[in-house]
Amino acid sequence: MSQHRHPGAPGRAGAVPALPDLPEATVARLPEYLRALHNLADAGHETVSSEGLANAAGVNSAKLRKDLSHLGSYGTRGVGYDVSLLIEQIESVLGLTQCRSVALVGVGNLGHALAGYDGFASRGFQIAALFDADPSRVGEQINGLVVRHVDELARVAVEESISIGVIATPAPAAQAVADQLVAVGVTSILNFAPCVLSVPEGVDVRKVDLAIELQILSFHEHRKASLTALPAGSALTALPGGLAATDTQEAIGT
């Protein structure tokens, strides 16, 4: 999700041509299609139907066809989509035709796990630098990289041509880290800290809050348990304060 931006900050000047203005929901689903396509390619499939790809990506086929039509890809009737060609199209739109250097700030438990993950490289990303403010972690080696003090971030970000910053610090430190990243020209940030970042216009922030995702799952578990506990034929009716009553309860005035 994008977060607060201060208006008026200059954007990055560049010669990269503008891409079609894809709906945000479509952009969010493209990586799912790409993952499914890579799995199909690894399994030896050269073509895939819209239904087959939709099932593999966990969406309905009509939505998939509409998403891919934004890329100019319509498949071939009776054949489906060329897997290799569609991978190339999606990777091009997502900017994955070049390897992007990533700086990870915060190597606590979560940051350490992210730094040690080997799956980024195969998807076009290189963790190029690790940072932490804890002197006891500085100098530690993780997956071939030495953890540097966060004070070195500005210099190293320039040296390593960092294009994406990942923040895995405690919440109180996250905004200062974001400010440092923005100051050296990083305009894309993935934030794992449980807080909202304020960034200038032109800086994109994606927030990953595992606690929020668990709370959403907790709601669904609570809802399923509530429905299972209802007598057959009864229905839920919303009550003030977020409570609920069944039709049976309402009928008897409880």
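## Strand β5

Strand β5, which spans residues 125–132, is mostly covered, with six of its eight residues buried. The model described here is predicted.

## Neighbours of β5

One partner of β5 is strand β4, made up of residues 100–105; the two pair in the parallel sense over six bridges. Within this pairing, Gln 126 of β5 stands opposite Ser 101. Between β4 and β5 the chain passes through helix α5, residues 109–115.

Leu 130 has Val 147 in β7 as its bridge partner.

## The aromatic pair

How many aromatic pairs does the structure hold? There is one, and its members are Tyr 117 and Phe 120. A pair of aromatic rings is described by the distance of the centres and the angle of the planes. For Tyr 117 and Phe 120, the centres lie 4.8 Å apart and the angle between the planes is 90 degrees. The pair counts as edge-to-face because that class takes planes over 60 degrees apart, and the angle here is 90 degrees.

Technical notes: Residues numbered from 1 in each chain as written. Predicted model: local features only at pLDDT ≥ 70, side-chain atom pairs only at ≥ 80, totals over all residues. Heavy atoms only, no water. Phe/Tyr/Trp six-rings, centres within 6.5 Å; stacked < 30°, edge-to-face > 60°. Buried < 20%, exposed > 50% of the residue type's maximum accessible area, 1.4 Å probe, protein only. Helix = DSSP H or I, 4+ residues; strand = E, 2+ residues; numbered from the N terminus. Pairing = 2+ DSSP bridges. Right-handed = clockwise from strand over helix to strand, strands pointing away.
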